[in-house]
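Please examine the sequence and the structure shown here before reading on.

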Amino acid sequence: MNYGRELLKGNTDSLLLCLINRQPTYGYQIVKELEKRSNGYFQFKEGTLYPALHRLEQDNLITGKWQVLPNGQQRRYYYITERGQQVLARRLATWQDFSTAVKSVIQAETT
Amino acid sequence: MISNISHYLNRFKASLKIDHTVRDGVAEELYTHLEEKTQELEEKGLSTEEASEIAVKSLGSPELIAEQIYEAHAQGSWKEAIFSALPHLLVALLFTSYYWQNIIYASIILALTVGIAIYGWGRGKPVWLFPWLGYYLLPVVISGILLLSLPEGWGWIAALIYIPLALFVFIHIVRQTARRDWLYASLMLAPMLVTFAWFSSLGKGDELLASDWAARLQTNALWIVVSFVALAAATIAFIRVRPRRYKIISLLIPPLVVLFAVVTSSAGNICAWSWLLLLFSLSAFALPLWMQARAYE
């Protein structure tokens, strides 16, 4: 089992909520943004993104709306909902605590 | 570009058994993704063919995405689940007493069923519709069978006109439902399975239509209620679980409960004709499940 992949799988929802919270965005832009912000660390089958987005939408954490761009192309933009913001805030707090605790243990181990 | 992407999207759509408007929306979303990625790769100097091939590959298996999208959309709300199970619970309630033999109560339930089934059919066939549709079709089928018991001559004339018409309606609805999803066809046929299974316990011919058939059926009221409650529970599970294989498992529970209930209530004293009818009902119900399992492979 790939540990990195498992970690990504367990945190995909939080990463997506985080990106959508920054600004409304669409599928392809999310893939690019994730790759850019993680310096290429997060690379996954792009198709797995859409089920995750639809799952978040079904849970009322985000909402998708079709928009027509000036060049006539259509994009489905995702917006975070109020409930999504609350869930994200809770997850970030949990993640901070978890990350601090893991760091403390690891640093103590390596020094 | 067209062939690679359209082939990919066709595979995706063929694998995704959800509401057509939702399915087409997701396909459109994937199309915009593929279109943008292809354009980006073309700008880097790749040919259209190469670019679209890479774009399609980076998206991953269309069947896998379809399965995951299905799971994201497959879970109905508790409201939908309860509303889907409601007709089974109403019938169970009727059998807790002699209400099912009361023409007024039976007519109210029938009118309610017909009204809700027509409303749901016209409103894009939501998942809660199918159990109601099963009860809507039940009188259509039973009327055809009863017509055959009319006095000689009249029965056959009525049947010759009615049965083809009823068959047309029945086949049309089953086909439309199966086209949407084979599992919905099983969900729809489930009330028929239970009804025919219990009628099969009455015997055949004159025995079946003897004047005391209702009283004989009422003696099994407890087991009949158990059958319909099991159907209601399976329907709720079907609506609420996400993975498709669990939905299939939930649909396999009612036939087993019904078979057990019919055999137990008749103390194993079932004639060959009843076994035939019982197994026919079970197989009619299981056919869509089998078709689904084949499509799954």
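The questions and answers below go from one chain to the contact between chains.

This is a predicted model, in which local features need pLDDT of at least 70 and side-chain atom pairs count only at pLDDT 80 or more, while totals for chains, interfaces and linings use all residues. Residues are numbered from 1 along each chain as its sequence is written, chains are lettered from A, and ligands are numbered from 1 in the order in which they are written.

Q: Which pattern does chain A follow along the sequence?
A: Helices (H or I, at least four residues) and strands (E, at least two) are DSSP runs, numbered from the N terminus. Chain A has four helices and two strands. Read along the sequence, the pattern is α-α-α-β-β-α.

Q: Is Gln74(A) buried, partly exposed or exposed?
A: Gln74(A) is found in strand β2 of chain A. A residue is buried if 20 or more other C-beta atoms, placed from the backbone, lie within 10 Å of its own, exposed if 12 or fewer, and partly exposed in between. Because Gln74(A) has 15 C-beta neighbours inside 10 Å, the residue counts as partly exposed.

Q: Which element gives the most to the side of chain A that touches chain B?
A: Two residues are in contact if their C-beta atoms, placed from the backbone, lie within 7 Å; 15 residues of chain A are in contact with 15 residues of chain B. On the side of chain A, α2 (27–37), α3 (49–58) and β2 (74–80) each supply at least two residues. The element that gives the most, with five residues, is α3(A).

Q: Is α3(A) roughly parallel or roughly antiparallel to α4(B)?
A: Axes are lines fitted to C-alpha atoms, for helices over the stretch in contact, and angles run from 0 to 180 degrees between N-to-C directions. α3(A) and helix α4 (residues 62–73) of chain B pack at an angle of about 5°, with their axes 8 Å apart. Angles under 35 degrees count as roughly parallel, over 145 as roughly antiparallel, 65 to 115 as roughly perpendicular and the rest as oblique. The angle therefore makes α3(A) and α4(B) roughly parallel.

Q: Where in α5(B) does a kink lie?
A: The bend at a residue is the angle between axes fitted to the seven residues ending there and the seven starting there. In α5(B) a kink of about 40° comes shortly before the proline Pro87(B), at Leu86(B).
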